[in-house]
Amino acid sequence: MPPAVYREVVSEGDGRVGAEETQGAVTEGWLVIEVLQEPADAIRMQQGFLLGDGESEALALARQQLTDAVLLDEARAVRCAREMGLPVLRTVGLLLHAQAQGHLESVKPALDHLRTSGFRLSESVYQAALRQAGESP
């Protein structure tokens with residue numbers, strides 16, 4: 001995770017959904033904050049594609065390292081990543097993958113929690129995720 005994402009989620013997001021969990025994951029060592037080798041790359045992406053700090057640093061970090069996927073949900077950042085040839089994983093896809101791997105029994109409670117926490121999730125994506133997970137709406 002790049003420093004800007006940690007800052008946005010934990011420092012600036014104190015008290016919001018995910019802040020405590022992210023801080024705990026870093027403290028426990030299974031999530032690592034990676035410093036960018038080329039911070040100017042993130043600045044160029046931020047200015048060129050009108051991205052936020054977190055998205056531009058996430059993309060720069062994904063380019064800096066060999067990665068299976070970059071976790072993004074913001075549409076502009078997803079388009080940018082795809083244009084750069086980076087594999088993208090969105091939050092709903094991550095939940096579906098976790099269920100398929102046996103780490104999550106059901107995606108519906110997680111999706112419902114996301115929705116009630118302010119995560120923008122369209123009804124069509126919600127329904128499609130439930131169908132893909134083999135869960136009834």
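Helix axes here are lines fitted to C-alpha atoms over the stretch in contact, and angles run from 0 to 180 degrees between N-to-C directions. The model is predicted, so to speak of local features requires pLDDT of at least 70 and side-chain atom pairs count only at pLDDT 80 or more, while totals for chains, interfaces and linings use all residues. Residues are numbered from 1 along each chain as its sequence is written, and side-chain values use heavy atoms, with hydrogens and water left out.Helices are DSSP runs of H or I with at least four residues, and strands are runs of E with at least two, numbered from the N terminus. Helix H7 (residues 108-116) packs against helix H8 (residues 123-133) at an angle of about 165°, with the axes 10 Å apart. H7 and H8 are therefore roughly antiparallel (angles over 145 degrees). H7 passes H8 in a right-handed crossing, the near helix being turned clockwise from the far one by less than a right angle. In contact (heavy atoms within 4.5 Å) are Lys108, Leu111, Asp112 and Arg115 of H7 with Glu123, Tyr126, Ala129 and Leu130 of H8.

Helix H1 (residues 3-11) and helix H4 (residues 53-64) pack at about 145°, their axes 7 Å apart. Here the crossing is left-handed, that is, anticlockwise. Pro3, Ala4, Val5, Arg7 and Glu8 of H1 meet Asp53, Gly54 and Glu57 of H4.

Elements giving two or more residues to the lining include H1, H4 and H7.

Conventions: Angles under 35 degrees count as roughly parallel, over 145 as roughly antiparallel, 65 to 115 as roughly perpendicular and the rest as oblique.
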